Amino acid sequence: PDTIQRYLMNKWLFLIFISLLLGQMSCRQKPAAAEKPNIIIIYVDDLGYGDVGCYGAGGVSTPNVDLLASKGLMLTDAHATASTCTPSRFSLLTGSYAFRNDAAILPGDAPLLIRPGTPTLPGMLQKAGYTTAVIGKWHLGLGNGTPQWNGILKPGPTEVGFDYSFIVPATLDRVPTVYVENHRVVNLDAQDTIAVSYEHRIGNLPIGLEHPELLKFKADSQHSGTIVDSISRIGFMSGGRSAWWKDEDIADVLVKQMDAFIRKHQKSPFFLYFSLTDIHVPRAPAYRFKGKSTMGSRGDAIAEMDWSTGAVLKTLDALGLTDNTLVIFTSDNGPVLDDGYDDHAEQLVGAHRPGGPFKGGKYSAFEAGTRVPAIVYWPGKIKPGTSNALVSQVDFFASFAALTGQKLDERDAPDSFNMLDALTGKSDTGRTTLLEEAYTFALRSGAWKYIAPQTRPTPGWMSNKKIPTGLEPFPQLYRLDADTAELHNVREQYPDRTAEMKNTLTKIIQD
Ligand code: NG6
Ligand code: CA
């Protein structure tokens, strides 16, 4: 009996020891898990402030985005850093303003704009233990010099912080019309090599200029290059037929990639930059979205974008990851109706206001150029609500560093501020000043908006866009609290304020 007792005692002690150990381990893991939520940025292309239901859209419904807003924090004064794509994406990923690197809209055969070795948001999260991926639109260039479409496309996303990439290299309207997975074009037949030129015609595929009868949409002269999938593109290409995407399938392809990546990495923290190709031109959503809006293909593309957003939530729910995942939904620049293809966006827009109450849109220095929908969703952690804190996407870098306990070096993310409290609704206070880049600079300070005289030449085609650009040879000052639509330049009534804002702007630029 003595041995039995001792045996039982030992067994008890052993069990107590094991359970204490397990308890310890889970205690240690719990706070770590809570500090390292998965992070997903759903980045829509060209979605305007007023283009989704919760921000006032008409003509299309966006139930999934609206759900994000009703359960998350809806920001009403959040900005892309620029009113065009490449500059905004550069700033989002590097925490540095695009002008510091001379970033402008890139052609489809440009070399990689972010130099390997530059501190990046995904690179910082890798150090914090995250697995990182970009799925969708890239538009930051590939390779050194000319991209090697038939070989190894390097450096690219995986050299600047992403563990995995599945991308549309530039825009839907630019050649080559192929996906790139890590360093290679997907489904390329080695016998049918790809050639690309932005200077002159190559190969013998039909081009839009000569064969308008083959086109789904009529296009302007810049978009009248090689025809792929009945859509003429900017630039010329030949070969690579087995690798061509089909425009109507892109959302499905990207959603499948998104789902696979999340499933694969569900057990450890991941960062996904889910960069949708909707709602940029050419707008050819999947056939099942045809007629989902009253606004033609632009509205239908919004419906498709909403579906892709819902797909993310569905995957998270299915895997039980919803409470441990921070999702930010936003856009790279403001809206445009006619961006080169005749898809009736202007004729069918009706009472819908793509830029909401704001003036301008894509390419513009007025508010609608950079003020975009922005929703932060993290059920259980973020109280549902609305916030008018002034925040910029350049702040995601420092904010996520703070969230995940990463210290930033001085050379990291020079323009990024930690706005974590504003992004999670703990505070209403955002930035005191905010820079907007167009073909000039604008500065926000509270309700004041200063637009500097135009500094960069605009491309010739800009004059056809019918968007008020805000580009003038003289300074402009607006009071957004009294004049949301930037109609009255009050610089003469407020010379001191004008001078002060000009100085602040100069300091930021020269910093
Ligand atoms: C412009 C294109 C426009 C669009 C834009 C980039 C012309 C006339 N227009 O050069 O269609 O592709 O670049 O859009 O060529 S963005 O959202 O990637 O900035
Ligand atoms: Ca864009």
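The model is predicted. One calcium ion (ligand 2) is held by residues that include D45 and N333. The model has 5 cavities of 30 Å³ or more, and the largest pocket has a volume of about 310 Å³.

**The calcium site**

- The calcium ion (ligand 2) is coordinated by OD atoms of D45, D46 and D332 and by OD1 of N333, at 2.2 to 2.7 Å.
- The site of the calcium ion (ligand 2) has 6 donor atoms and is irregular, with angles of 51 to 173° among them.
- Along the chain, the donor residues follow the spacing D-D-x285-D-N.
- D46 sits in the loop between β1 (38-44) and α2 (63-71), and N333 sits in the loop between β14 (325-331) and β15 (341-342), so this pair ties together parts that are 287 residues apart in sequence.
- D46 has a relative accessible area of 2%, and because buried means under 20%, D46 is buried.
- N333 is also buried, at 0% relative accessibility.

- K137 is part of strand β4 (residues 131-137).
- K137 is a buried residue, with 1% relative accessibility.
- Leaving aside neighbours within four places in sequence, K137 is in contact with residues including D45, D332, R89, Y273 and H280.

**Cavities**

- The largest cavity has a volume of about 70 Å³.
- Its lining includes L172, D247, I250, T277, D278, H280 and E304.
- By class, the lining of the largest cavity has 6 nonpolar, 2 polar and 4 charged residues.

- The largest pocket, of about 310 Å³, is lined by 21 residues, of which P335, L337, P354, G355 and G360 are the closest to its centre.
- The lining of the largest pocket divides into 10 nonpolar, 5 polar and 6 charged residues.
- The second largest pocket holds about 250 Å³ of space, and of its 13 lining residues R283, A284, P285, K290 and S297 are the closest to its centre.
- The lining of the second largest pocket has 5 nonpolar, 3 polar and 5 charged residues.

- Helix α8 (residues 396-403) is mostly covered, with 7 of its 8 residues buried.
- Among the buried residues of α8 are F396, F397, F400 and L403.
- Just after α8, G405 has a positive phi of about 75°.
- E35 belongs to helix α1 (residues 2-35) and is partly exposed, at 46% relative accessibility.
- Leaving aside neighbours within four places in sequence, E35 is in contact with Y130, L403 and T404.
- E35 and T404 are 369 residues apart in sequence, but 5.8 Å apart in space from C-alpha to C-alpha.

**S392**

- S392 lies in strand β18 (residues 391-392) and is buried, with a relative accessible area of 4%.
- Beyond its neighbours within four places in sequence, S392 is in contact with H79, T81, R431 and L434.

**Backbone details**

- K154 and P155 are joined by a cis peptide bond, with omega about 0°; P155 lies in the loop between β4 and β5 (164-168).
- The peptide bond from D278 to I279 is cis as well, with omega near 5°; I279 lies in the loop between β13 (270-275) and α6 (296-318).
- K466 is not a glycine, yet has a positive phi of about 55°.
- K466 lies in the loop between β21 (448-451) and β22 (476-479) and is exposed, at 60% relative accessibility.
- E486 is likewise a residue other than glycine with a positive phi, near 45°.
- E486 lies in the loop between β22 and α10 (495-510) and is buried, with a relative accessible area of 0%.

Conventions:
Residues are numbered from 1 along each chain as its sequence is written. Chains are lettered from A and ligands numbered from 1 in the order in which they are written. This is a predicted model: local features need pLDDT of at least 70, side-chain atom pairs count only at pLDDT 80 or more; totals for chains, interfaces and linings use all residues. Side-chain values use heavy atoms; hydrogens and water are left out. On a 1 Å grid over the protein atoms alone, a cavity is a set of points where a 1.4 Å probe fits but cannot get out, and a pocket is an open set with protein on both sides within 12 Å along at least five of seven lines; lining residues have an atom within 4 Å of a point. Grid points are joined across faces, edges and corners, and a volume is the space filled by probe spheres set on the points. Ala, Val, Leu, Ile, Met, Phe, Trp, Tyr, Cys and Pro count as nonpolar, Asp, Glu, Lys and Arg as charged, and the others, Gly among them, as polar. Donors are N, O and S atoms within 2.8 Å of the metal (3.2 Å for Na, K and Ca); water is not among the atoms, so sites may look incomplete. Four donors count as tetrahedral if all angles lie between 85 and 135 degrees; four count as square planar and six as octahedral if opposite donors are over 155 degrees apart and all others between 65 and 115; anything else is irregular. Helices (H or I, at least four residues) and strands (E, at least two) are DSSP runs, numbered from the N terminus. Buried means under 20% relative accessible area, exposed over 50%, partly exposed in between (1.4 Å probe, protein chains only). Contact means heavy atoms within 4.5 Å.
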